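Hi there,

Here is the structure I promised to pass on to you. Have a look at it first, and then read on for what turned up.

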Amino acid sequence: MSRNFGYNYHSHTYRCGHAIGDEFEMVECAIRHNYKIFGVSDHVFLPGIPQPGVRGDFECYDEYISNLKYLKKKYQGKIELYSAFECEDYGDKFNDYYLSCLQKGDVDYLILGQHCKLNEEGTDAEMYHYKSHPIETLHEYTDHLIRGMETGLYIYVCHPDLFHKFLHGWNEEFEECSKRIIAKAVELDIPLEINMLMSRTEKDVDENGDRVFSYPCNEFWDLASKMGAKCILGVDAHDPRHLYTTEFAEFRKFIKRHHLKPLTKLDVEAYKKKVFDRYGLTKKAN
Ligand SMILES: [Zn+2]
Ligand SMILES: [Zn+2]
C-alpha cells in the first residue's frame with residue numbers, strides 16, 4: 001500500500017452498473033484513508049437515455065444528490081466533500097440539464113469524460129467505433145472533447161488520452177490529435193487528468209522496468225508536459241478499495257519521469273463563479 005495523494009475528485013458508485021459500493025462507503029473509506037479533499041462524481045444520469053452498465057437511470061438522481069448532501073453535513077470539518085458528475089459532451093443536447101444541476105447546487109462541479117457520443121438520430125448514446133473506424137473515430141473523439149472544453153462547463157478533463165485504450169502504438173495522427181487537445185486545455189486553462197484506473201489492471205513494464213499503461217499514455221504526457229498543460233491526478237475509484245489499493249508510488253514516478261507538477265487542489269468556488277457568470281445564472285435556492 002502506498003501513500004495516496006490526499007485528494008481525489010473522481011469516484012463512482014454502484015449505480016453506474018460497473019462499480020461497487022455506494023457514496024456512504026466511498027466517503028467513509030476516503031476519511032479512513034486520510035483524504036482531505038474528496039469528490040463523488042458518478043457517471044451522469046441522463047433524462048431519457050438509459051445506458052445500463054454505463055450509467056445509472058435518471059431515477060437515481062434524487063437519492064444520489066440527497067445522500068451526498070447528508071454526507072457533506074455529517075462530515076463537515078472532517079473532509080472537504082464535493083458532489084459531482086462525470087459527463088460527456090453531447091453538443092447542445094444536455095448542456096442546459098448539466099447547467100441546472102450546477103445552478104440548483106445539486107452538484108459542485110462537472111468533469112468531462114468522453115466515453116460515448118450521440119447516435120446519428122441524436123436519440124441515444126453509443127460507444128465510439130474505434131474498432132471499425134480507428135482514425136475517423138480518433139478525430140471525432142478529439143472534436144467532441146474540444147467542443148466540451150469550449151463550453152466552460154467542466155472543472156477538468158478526465159483521461160484526455162482515453163483513445164489510447166482502443167488505439168495502440170503511436171503515430172502522427174495520435175500526436176496531432178493529442179496536441180489539439182492539450183493546446184485547447186492550455187488556452188482555456190483547464191487541467192487534464194492523469195487517470196490512475198488502468199494501473200489497477202495493466203501490469204506491463206518497459207525495458208527500464210517502468211510501468212506502461214494504455215492511459216495515462218507516455219507519449220501524450222510528454223507532450224502535455226512540454227506544452228505546459230495543467231494536470232491533476234484522479235483515482236477514478238470504482239470501488240472504495242481503490243482508494244488505498246491504487247499504486248500511488250508508480251504515479252509519483254510517472255510524474256517525475258514526465259516532469260509534471262500536478263495540482264493538489266481545485267478552486268471549486270472560482271470555477272462555479274466562472275460558469276455562472278458565463279451563462280448569466282444566479283444561484284437557485286432549493
Ligand atoms: Zn466508470
Ligand atoms: Zn471515465
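With 286 residues, a compact globule would have a radius of gyration near 19 Å, and the protein agrees with that at 18 Å. This radius is taken over C-alpha atoms, and the globule rule is 2.2 Å times the number of residues to the power 0.38. Along the principal axes, the C-alpha atoms fill a box of roughly 55 × 45 × 35 Å.

A note on conventions: this is a predicted model, where local features need pLDDT of at least 70 and side-chain atom pairs count only at pLDDT 80 or more, while totals for chains, interfaces and linings use all residues. Residues are numbered from 1 along each chain as its sequence is written, and chains are lettered from A and ligands numbered from 1 in the order in which they are written.

The protein has nine helices and nine strands; these are DSSP runs numbered from the N terminus, helices being H or I with at least four residues and strands E with at least two. Buried residues make up 42% of the 286. Buried means 20 or more other C-beta atoms within 10 Å of a residue's own, exposed means 12 or fewer, and partly exposed is in between, with C-beta atoms placed from the backbone.

Now find helix α3 (residues 95–103), whose buried residues are Tyr-98, Cys-101 and Leu-102. They sit on the same side of α3, because they cover an arc of only 100 degrees around the axis, judged by the directions from the helix axis to the C-beta atoms. Just after α3, Gly-105 has a positive phi of about 75 degrees.

Happy exploring!
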